[in-house]
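The exercises below are to be worked with the sequence and the 3D structure open. Each task is followed by a solution in steps.

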Amino acid sequence: MMSAAPDTKLDTLADLRVEIDRIDRDMHELLMERGEIIDRLIAVKARQGGGSAFRPGREASMMQMIAERHHGALPLDTVEGIWRIIISTFTYVQANYSVHADFSGGDAAMRDSVRFHFGFTVPCVVHHGAGGVIDAVARASGDLGMFRVDGGAAAGAWWKRLVPEGAPKIIARLPFVERPDHPAGMPIFVISVPLNEAAAHDVMLYAVAIDHWSGAIPELLGQLGGEVLGNVADGKAVSLLVSLPGTVDLETMLGALHKSGVTGLQAYPIGSHAARYEFTGRHSEAT
């Protein structure tokens with residue numbers, strides 16, 4: 001007695017193209033649905049007295065979750081880029097803004113960072129120096145600014161311009177997901193007017209003034225989980241850009257530096273950002 005042949009069906013190109021069309025249609029419908037939710041979000045914010053459209057901590061968390069769950073043949077670069085454009089464009093829909101970027105170090109790497117993280121809908125305004133970016137963001141109030149974390153000696157102590165109350169502050173460090181060969185991997189600081197409740201405080205940033213440089217400073221800060229990101233002679237003194245974990249308060253840092261003999265010490269908070277999420281493809285960790 002012969003058994004019945006298994007009921008199998010081999011895919012055809014036509015079948016697979018129908019599936020692709022269905023997925024594309026569903027993705028488009030979901031994006032339009034997301035837009036409808038943004039409209040409702042705008043209405044809720046208006047009833048509640050407004051609020052910042054920028055949520056850098058939430059954005060960093062979203063990008064981390066995307067990196068953690070991603071698998072398959074599609075490159076993570078593509079997925080991250082798509083989501084960055086979705087996030088930044090819908091933020092633009094909530095409140096129109098421009099991105100002011102420092103192109104003084106050459107335009108290629110900065111252009112890649114601007115377009116990877118903000119797409120082509122958000123206007124980009126070119127500046128030549130971190131100071132110009134800071135001034136533009138201070139005037140516009142609703143815009144963002146971007147410049148390299150390491151601007152080199154020629155950039156000067158730009159972080160001092162973030163000290164005054166009401167001055168722009170650092171709100172993010174890009175890329176949100178760091179990995180080898182990132183297509184927009186140059187470390188970037190993002191500034192805006194102070195976000196208050198919307199800020200992420202995993203890493204705190206300080207403008208620090210001291211009388212004289214001491215080789216012990218990097219080690220002392222390293223013991224606290226911090227680091228010196230910038231070091232510029234400032235007249236007869238030295239101006240430092242320092243990062244510290246959000247779990248380390250300012251008094252602890254000042255006390256450690258005082259004990260080491262550092263003199264003329266002054267420190268001012270100039271912003272914060274979410275922890276950097278390092279992705280290797282095998283394992284990842286936030287730092």
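**Exercise 1. Strand pairing around E6**

Strand E3 (residues 144-148) pairs with E6 in the antiparallel sense over four bridges. The model is a predicted one.

Task: State which other strand is joined to E6 and by how many bridges, then find which residues stand opposite valine 190.

Solution. 
Step 1. Strand E4 (residues 169-174) is joined to E6 by five bridges, and the two run antiparallel.
Step 2. On the E3 pairing, methionine 146 stands opposite valine 190.
Step 3. On the E4 pairing, alanine 172 is the residue opposite valine 190.

**Exercise 2. Burial of E6**

Task: Determine how many residues of E6 are buried, and sort its residues by the way they point.

Solution. 
Step 1. The cut-off for buried is under 20% relative accessible area.
Step 2. In E6 (residues 188-192), five of five residues are buried, and the strand is mostly covered.
Step 3. In a regular strand, side chains alternate between the two faces of the sheet.
Step 4. In E6, Ile188, Val190 and Ser192 point one way, while Phe189 and Ile191 point the other way. Both sets are buried.

**Exercise 3. Helix H1**

Task: Compare the span of helix H1 with the expected one, and name the helix against which its buried residues pack.

Solution. 
Step 1. H1 (residues 13-47) has 35 residues. From first C-alpha to last it reaches 51 Å, close to the 51 Å expected at 1.5 Å a residue.
Step 2. Gly35, Ile38 and Lys45 of H1 are buried.
Step 3. An α-helix has 3.6 residues a turn, so residues three or four places apart point the same way.
Step 4. The buried residues of H1 pack against H3.
Step 5. Aspartate 21 is also placed in H1, but is partly exposed because its relative accessible area is 47%. Between aspartate 21 and glycine 152 there are 131 residues in sequence and 49 Å in space, C-alpha to C-alpha.

**Exercise 4. A surface patch**

Task: Identify which residues form a nonpolar patch with Val93, and classify valine 93 by accessibility.

Solution. 
Step 1. Leu41 and Ile42 form the surface patch with Val93; together they have about 200 Å² of accessible area.
Step 2. Valine 93 is part of helix H3 (residues 76-94).
Step 3. Valine 93 counts as partly exposed because its relative accessibility is 43%.

**Exercise 5. The whole chain**

Task: Summarise the make-up of the protein, its extent and its burial.

Solution. 
Step 1. The protein contains seven helices and twelve strands.
Step 2. Along the principal axes, its C-alpha atoms fill a box of roughly 95 × 50 × 40 Å.
Step 3. Of its 287 residues, 40% count as buried.
Step 4. The protein exposes about 15,800 Å², with 55% supplied by carbon and sulfur atoms.
Step 5. Among contacts between residues at least 6 apart in sequence, 72% join residues at least 24 apart.

Note on methods: Residues numbered from 1 in each chain as written. Predicted model: local features only at pLDDT ≥ 70, side-chain atom pairs only at ≥ 80, totals over all residues. Heavy atoms only, no water. Patch = residues over 30% accessible without salt bridge, like charges linked within 9 Å, V, L, I, M, F, W, Y side chains within 5 Å. Areas by Shrake-Rupley, 256 points an atom, 1.4 Å probe, with all protein chains shown as cover. Salt bridge = Lys/Arg side-chain N within 4 Å of Asp/Glu carboxyl O. Buried < 20%, exposed > 50% of the residue type's maximum accessible area, 1.4 Å probe, protein only. Expected span 1.5 Å × (residues − 1). Contact = heavy atoms within 4.5 Å. Pairing = 2+ DSSP bridges.
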